[in-house]
Amino acid sequence: MKILVPVKRVIDYNVKPRVKADGTGVDLANVKMSMNPFDEIAVEEAIRLREKGAATEIVAISIGVAKAQETLRTALAMGADRAILIQTDDEVEPLGVAKLLAKVVEEEQPGLIILGKQAIDDDSNQTGQMLAALLGRPQGTFASKVEVEGDSVSVTREVDGGLETVKLSLPAIITTDLRLNEPRYASLPNIMKAKSKPLAQKTPADYGVDIAPRLETLKVVEPPKRSAGIKVADVDELVAKLKAMGVAA
Amino acid sequence: MKTLVWVEHENGHLKDATLAVVTAASKLGEVHLIVAGEGVGAVADAAARIAGVQKVHVADDAAYAHALAENVAPLIVDLMGHHDAFLAPATSHGKNIAPRVAALLDVMQISDILSVESEDTFTRPTYAGNAIATVKSKDAKKVITVRGTAFEKAATEGGSGTIEAVAATGDAGTSSFVGAEIVKLERPELTSAKIIVSGGRALKDGPTFEATIYPLADKLGAAVGASRAAVDAGYVPNDYQVGQTGKIVAPEVYVAVGISGAIQHLAGMKDSKTIVAINKDEDAPIFQVADIGLVGDLFKIVPELTEKL
């Protein structure tokens, strides 16, 4: 079985994003970029499934600027077999991404598609579900455990009250939650080897998909700042404050 | 505009998450609800009494018993033939279902809205809440998830919606529910609690977390939350997690104990009305957002605080 893993190049999760003064967006010039953390978990899970013999080939795919190649090389260094970059300088929304991925799925016929549950830049949490809808396939979102059993996959999902397990017929779409696994680091020899693994270059036009944005961003602002607080000296003062707020009797 | 709101329910009870969505939907126009599930008569009755609700569509069928997205999405798509917007709470159910509906309708979903600016314009958080975007949808139909803490809850009484049965769309046959492990909570639910006491990595281990945090929470009638570090270390189950990847909360009072305040955690709680921080590191980022801070050893402070309250 082939596994397709879509990965996204995003601002590094440790960086505090700065909103541009003109309100057009977040300043990404000279900011450290990395693979979306949920996507690292997706790559790791694909590799583990291959190590268990449940998968034969792992194809990583990214949609975005030329530099997204670096993100794909990271996936290759972790253990993906080959990569596809659909290069575009335009911002592609989850719906557009899902449509492009659906075309790639038609070509590649993977048995599983593993995505991160959300990208930490737009925080949409949509692409996996949208792809599943477009393909008419089942979805196992927010997965914390994945087990392939013949022609189906059992997925334990993190839901609000706890955990829930669903069984999906293959091919299926899975989106990863943080606790699914701990992604491995790419070793130096593997980073070197990844440089010679195949990376196919495509454009959205190759797939004939309309990816024009449906949402127009009118402005982006910083969230309201909290006013400066006070520090209390001891527990008695804290208790007095809480009582004054009516929190404690 | 006619809106359709997803009703979240469990064990025959309507969940609070729905009430905030009704408020958001009422800003767009006529409010209709969809109750899907098996044996949901009581939920439909309760839904019809929510203030502002005009109609409740009820789909009672075994195929909807566990709200599997594969079965529920076609049902909603059918109803969207005569509705202009679909709204769901940004809960694990809502986030699972709504994007599937959006793609089937060929529209872009607007995730986790904080406000309704007009019929087609909304604000939403991005970058872990560090940037608030105002977005305008060009789609004819809107699919929206709503951040529950950003809207007042609609009153549970006072409405008189009409109840209408909807024909089931059947079982897609591609997925099935196997089982659930639901964490039993003796305390208030995190997302609707007025007071939350949250613990971080500094709590050392599960028993210490329990012995330190729970008595304070019980004294305050508070829900218990945790940082990702505390969850990953196994002190508490993962549904206690507050943050970008966990639950988003906005209680009256949020007490952060031994939590440094990483941006991913702040994304989940910085809209709390009052933030109280107890931390031994006076340079911890949590003090930059805390209204009341106390620097010191939590193992001395928390028991003393619990006793003096």
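In the predicted model, the lining of the second largest cavity comprises, by class, 5 nonpolar, 4 polar and 3 charged residues. The volume of this second largest cavity is about 60 Å³. Chain A supplies A:Gln139, A:Thr141, A:Arg157, A:Glu164, A:Val166 and A:Leu168 to the lining, while B:Ala67, B:Leu68, B:Ala69, B:Glu70, B:Asn96 and B:Ser175 come from chain B. Two or more lining residues are given by each of strand S7 (139–149) and strand S9 (162–169) of chain A, and likewise by helix H3 (69–79) of chain B. The largest share, 3 residues, is that of S9(A).

In total, 3 cavities of 30 Å³ or more are found in the structure. For the largest cavity, a volume of about 80 Å³ was computed. Its lining includes A:Ile11, A:Asp12, A:Tyr13, A:Val15, A:Pro17 and A:Ile120 from chain A, and B:Tyr127, B:Ala128, B:Asn130, B:Gln244, B:Ile263 and B:Gln264 from chain B. Classified by residue type, the lining of the largest cavity contains 8 nonpolar, 3 polar and 1 charged residues. Within chain B, domain 1 (2–165) and domain 2 (190–308) each provide at least three residues to the lining of the largest cavity.

Strands S7(A) and S9(A), which contribute to the lining of the second largest cavity, also belong to an open sheet of 10 strands. The strand order in this sheet is S11(A)-S5(A)-S4(A)-S1(A)-S6(A)-S10(A)-S7(A)-S8(A)-S9(A)-S13(B), and the pairing is mixed. At the edges lie strand S11 (199–202) of chain A and strand S13 (175–182) of chain B, each of which pairs on one side only. On average, neighbouring strands of the sheet are turned by 25° against each other, direction ignored. In general, the strands of a sheet pair through backbone hydrogen bonds, in either a parallel or an antiparallel manner. Strand S1 (residues 2–6) and strand S6 (residues 112–116), both of chain A, pair in the parallel sense over 2 bridges. A:Ile3 is positioned opposite A:Leu112 in S6(A).

For chain A, an unreviewed UniProt entry lists residues 23–211 as "domain: Electron transfer flavoprotein alpha/beta-subunit N-terminal". Over residues 23–211, chain A is 30% helix and 31% strand.

Methods. Residues are numbered from 1 along each chain as its sequence is written. Chains are lettered from A and ligands numbered from 1 in the order in which they are written. This is a predicted model: local features need pLDDT of at least 70, side-chain atom pairs count only at pLDDT 80 or more; totals for chains, interfaces and linings use all residues. Side-chain values use heavy atoms; hydrogens and water are left out. On a 1 Å grid over the protein atoms alone, a cavity is a set of points where a 1.4 Å probe fits but cannot get out, and a pocket is an open set with protein on both sides within 12 Å along at least five of seven lines; lining residues have an atom within 4 Å of a point. Grid points are joined across faces, edges and corners, and a volume is the space filled by probe spheres set on the points. Ala, Val, Leu, Ile, Met, Phe, Trp, Tyr, Cys and Pro count as nonpolar, Asp, Glu, Lys and Arg as charged, and the others, Gly among them, as polar. Domain bounds come from an automatic or database domain assignment. Helices (H or I, at least four residues) and strands (E, at least two) are DSSP runs, numbered from the N terminus. UniProt positions are given in the numbering used here, feature names are shortened, and annotations may be inferred rather than shown by experiment. Two strands pair if DSSP finds at least two bridges between them. Axes are lines fitted to C-alpha atoms, for helices over the stretch in contact, and angles run from 0 to 180 degrees between N-to-C directions.
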